[in-house]
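Subject: A structure for you to look at

Hi there,

Please open it first and then read on.

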Amino acid sequence: SAYRVNVTKAGDSGDTEVQALSLVLSKVGEQAFRMEEFRTELDKRLNIIEKRLESESLKLVEIERCKKEISEVRDQVWQQGKKLSQASETGSKLVPMSSQDSEDIVLTADNGIKFVSMKRVPAFQKYILSQETVEYLKKPTFDNWHWEPNEMLSLLEHMYHELDLLQEFNMNPVTLKRWLLCIQANYRNNPFHNFRHCFCVSQMMYGMIHLCGLDSLLPKEDLGILITAAICHDLDHPGYNNTYQINARTELAIRYNDISPLENHHCAVAFQILNNPETNIFANVDKEAFQRIRKGMTMLILATDMARHAEILENFKKRTEEGFDFSKKDHLDTTEFIGLPVAFMYHSYSAFSQLKMVLIKCCDISNEVRPMEVSEPWVDCLLEEYFNQSDREKIEGLPVAPFMDREKVTKPTAQIGFIRFVLIPMFEAVAKVRLRYGEVIIILVPCM
């Protein structure tokens, strides 16, 4: 048959149901036990994760503390390196001195600015310059790479003598030497913003004074302000630009409220040096003359902030359309608007003040108008300083400018944009200047 009938007893059916129920209950209990085990394991893992997060948070706090300590150590290393560098140069290039004469001290101003000042005057060797060197020093083709620091000091000293500034300001020649040595000591050993850069900018200013005939047009006081501001314009530069100072919230950025912190610092250091009687080259001028010198130098040094470049150049171009007349007092007045905030003062300056600001800016970026063999090494120096900054910004988690990133920038791309959009427009604007002096019109000839 196709069908089979199984006959079971009534008692057997109940036992089967009990067994099935027991099996289900057993499985449910087993699953409940496993769920409890899983929950216990999950709680254990969550506790481990919480402890790790707490540990990582402590590590982040420790990392921030370490970053701050590293920054402080780096600053100390810079200071020690600067002292060793100066000691090395003093030992090998200066006239022998007694240990007492070579001793120097660190002066700290009330506002916390530190600078090195020579306790005594180690008279650096006076070089006898040939007539060929004297004339060469006036040219924009001057090659700075052939001169040692001690020789550059003598060349700077020669500029003050040749422009007759010692007589104009009644300078003590010994004080001038001491001041120059103190200036050199306060330039750090950066790849680019160092004492050699200070000399190059000053030499270009000296060359433009002669090339454009400004020595016969301007008062001696203004010539002294131009040269002295050029020498002081990057004093104690830390090797990291304003953008870094502001983003890293450094002491300088906090002190100057993010407004041209480096340029304000350069000015402050310059006048802390001049505030010391031993290094005050303007000690013998009257109070009014010193005020004019201070305001004039401050105006010029603050103008070197590239963040203000477009504003200064635009206002200068407007002035060139009107012309510069040296016979008019309002064109010559240099101090009438010095007290205004930097953000909106440039349009208010006199014609001559704006001309002087553009002159120091031209000198500050003038490496590329020199011969290739002179200018190209400076590009390498600048890129090295840029790369040092971008490397530090990456470590500290700060924004990195593309033109400073060693992984993105090349020497040609770094220079083409700068020359095309910054340097050429600036020198072209100066080339269009026509200075009127009574009935005489003088055309400035820049060094391009």
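Which residue does UniProt list for "binding site"? The unreviewed entry lists Asp234; such annotations may be inferred rather than shown by experiment, and UniProt positions are given here in the numbering used for this structure, with feature names shortened.

Before going further, two notes on how to read this. The model is predicted, so local features need pLDDT of at least 70 and side-chain atom pairs count only at pLDDT 80 or more, while totals for chains, interfaces and linings use all residues. Residues are numbered from 1 along each chain as its sequence is written, and side-chain values use heavy atoms, with hydrogens and water left out.

Back to aspartate 234. It lies in the loop between α8 (220-232) and α9 (242-247), where helices are DSSP runs (H or I, at least four residues) numbered from the N terminus. With a relative accessible area of 5%, aspartate 234 is buried (buried means under 20%, exposed over 50%, partly exposed in between, using a 1.4 Å probe and protein chains only). Setting aside neighbours within four places in sequence, aspartate 234 is in contact with Tyr187, His193, His197, His266 and Asp364; contact means heavy atoms within 4.5 Å.

Rings of Phe, Tyr and Trp (its six-membered ring) pair if their centres lie within 6.5 Å; planes under 30 degrees apart count as stacked, over 60 as edge-to-face and the rest as tilted. Tryptophan 145 and tryptophan 378 form a tilted pair, because their ring centres are 4.8 Å apart and their planes stand at 40°. This pair links parts of the chain 233 residues apart. Tryptophan 145 is partly exposed, at 30% relative accessible area, whereas tryptophan 378 is buried, at 1%.

Tyrosine 160 and tryptophan 179 make an edge-to-face pair, because their planes are at 70°, with the centres 6.0 Å apart. Tyrosine 160 belongs to helix α4 and tryptophan 179 to helix α6 (residues 173-185).

Enjoy exploring!

Best wishes

Methods. Helix = DSSP H or I, 4+ residues; strand = E, 2+ residues; numbered from the N terminus.
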